Amino acid sequence: MATAGKVIKCKAAVAWEAGKPLSMEEVEVAPPQAMEVRVKILYTALCHTDVYFWEAKGQTPVFPRILGHEAGGIVESVGEGVTELVPGDHVLPVFTGECKECAHCMSEESNLCDLLRINVDRGVMIGDGQSRFTIDGKPIFHFVGTSTFSEYTVIHVGCLAKIDPEAPLDKVCLLSCGISTGLGATLNVAKPKKGMTVAIFGLGAVGLAAMEGARMSGGSRIIGVDLNPAKHEQAKKFGCTDFVNPKDHTKPVQEVIVEMTDGGVDRAVECTGNADAMISAFECVHDGWGVAVLVGVAHKEAVFKTHPMNFLNERTLRGTFFGNYKPRTDLPGVVDMYMRKELELDKFITHSVPFSQINTAFDLMLKGEGLRCVIRMDE
Ligand code: NAD
Ligand code: ZN
């Protein structure tokens, strides 16, 4: 390819300061170094994590920075030592990686790679501690190893899943973060059997993806729990059969669900980030076999408190990161589930904007409107 080995000048949306609208800039993107890949991003979506680190409240601010991590693209060139990918391959960048060599990667049970596990404070490549982005020679920092709000970006090969080139990148880009997280929490961790009852706490994009997993598993009764009554209507498209708003009841929501289901649900998946909802999710599962899975990220001082008897009575509590998917090994199979029409993704896309209007996507998320806004990089 004509651009391989050369610096590429392209458009990127740069966050210069916390909470200030992103600004469209021409950036220089250096060629990929050892074990790195330069990717042309075609579609990227916005996720709460981008907004959270853009607002940079209560964290170490890393600016100027190119945010973005939920995306799909095509390999432009590869660095030394990269053998699994070639220019033209279709890839999904992932904020957490899979080196395939550490104890976690060698374990069938873990996806918490030692080398490439998410690091939100690092703004440089792990190989040489440098950024691949500059503006007039001044470095611009990376974000979670992906920085997809740029027409071209450089990513460690371990954070790229090679997928079916027939898969539409404007849809499957959603699988690089939130949707896989919720889906995997149900399919890989809660593992409901056909006909089981499943409660989903929190009906944002992650919770609705967990609900999609319950629908795909053939859940008989799928109970959505959310404090926002407006979430009910949308959830129906995801298989929600019952809706419970904790605010409508004087007793704790776990008691309401236990009564509704004659002893408790078979599975519960929590996608709120609220510690009380986590406790409710655990306490509403049936004794003897119930499994609850925590997905939400709770605030620093949060405490999970329950009576040990709840465990003794054969309830299981689990937690999951990125739906327990190993990015390189498992994501291609998730894309295939979409291609076989088992997994529905289109219903998550409520908005779409050209790259020049990326700040609109931020406004929508801040207002809590819609589920996912796909950003088209070529416009
Ligand atoms: P979101 O804000 O869009 O949705 C959360 C929903 O939970 C909202 O609809 C809100 O009304 C509801 N809610 C809040 N408190 C509640 C309560 N006490 N009871 C019932 N409903 C309540 O968020 P999202 O993008 O869908 O993400 C959900 C959670 O998943 C977040 O905490 C996020 O940080 C976490 N997350 C975890 C991982 C992981 O790998 N474990 C990955 C991505 C996101
Ligand atoms: Zn590893």
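Residues are numbered from 1 along each chain as its sequence is written, and chains are lettered from A and ligands numbered from 1 in the order in which they are written. In this predicted model, local features need pLDDT of at least 70 and side-chain atom pairs count only at pLDDT 80 or more, while totals for chains, interfaces and linings use all residues; side-chain values use heavy atoms, with hydrogens and water left out.

The protein is divided into domain 1 (8-174 + 345-376) and domain 2 (182-320), with bounds that come from an automatic or database domain assignment. Taken over C-alpha atoms, the domain centres lie 30 Å apart. Five residues from domain 1 and nine residues from domain 2 make the contact, where contact means heavy atoms within 4.5 Å. About 640 Å² is buried between the domains, and carbon and sulfur atoms give 66% of that; buried area is the accessible area (1.4 Å probe) that two parts lose on being put together, summed over both. On the side of domain 1, Lys347, Phe348 and Leu371 lose the most area, together 82% of what that side buries.

One salt bridge is counted between the two domains, the term being used for a side-chain nitrogen of Lys or Arg within 4 Å of a carboxyl oxygen of Asp or Glu. Glu212 and Lys347 are joined by a salt bridge at 2.6 Å, N to O. The whole structure holds 19 salt bridges, including one of 3.2 Å between Lys20 and Glu17. Another links Glu342 with Arg340, whose closest N and O atoms are 2.6 Å apart. Salt bridges with shared partners also join Glu212, Arg215, Glu344 and Lys347 into one network.

Inside the protein, helix H1 covers residues 48-55, and Asp50, Val51, Phe53 and Trp54 in this helix are buried. Buried means under 20% relative accessible area, exposed over 50% and partly exposed in between (1.4 Å probe, protein chains only). Helices (H or I, at least four residues) and strands (E, at least two) are DSSP runs, numbered from the N terminus. Strand S3 (36-45) and helix H11 (358-367) are among the elements that cover the buried residues of H1. After H1 comes Ala56, which has a positive phi, near 50°.

Thr96 sits in the loop between strand S5 (90-93) and helix H2 (103-106). Thr96 counts as buried because its relative accessibility is 0%. Beyond its neighbours within four places in sequence, Thr96 contacts residues including Leu116, Cys159 and Phe321.
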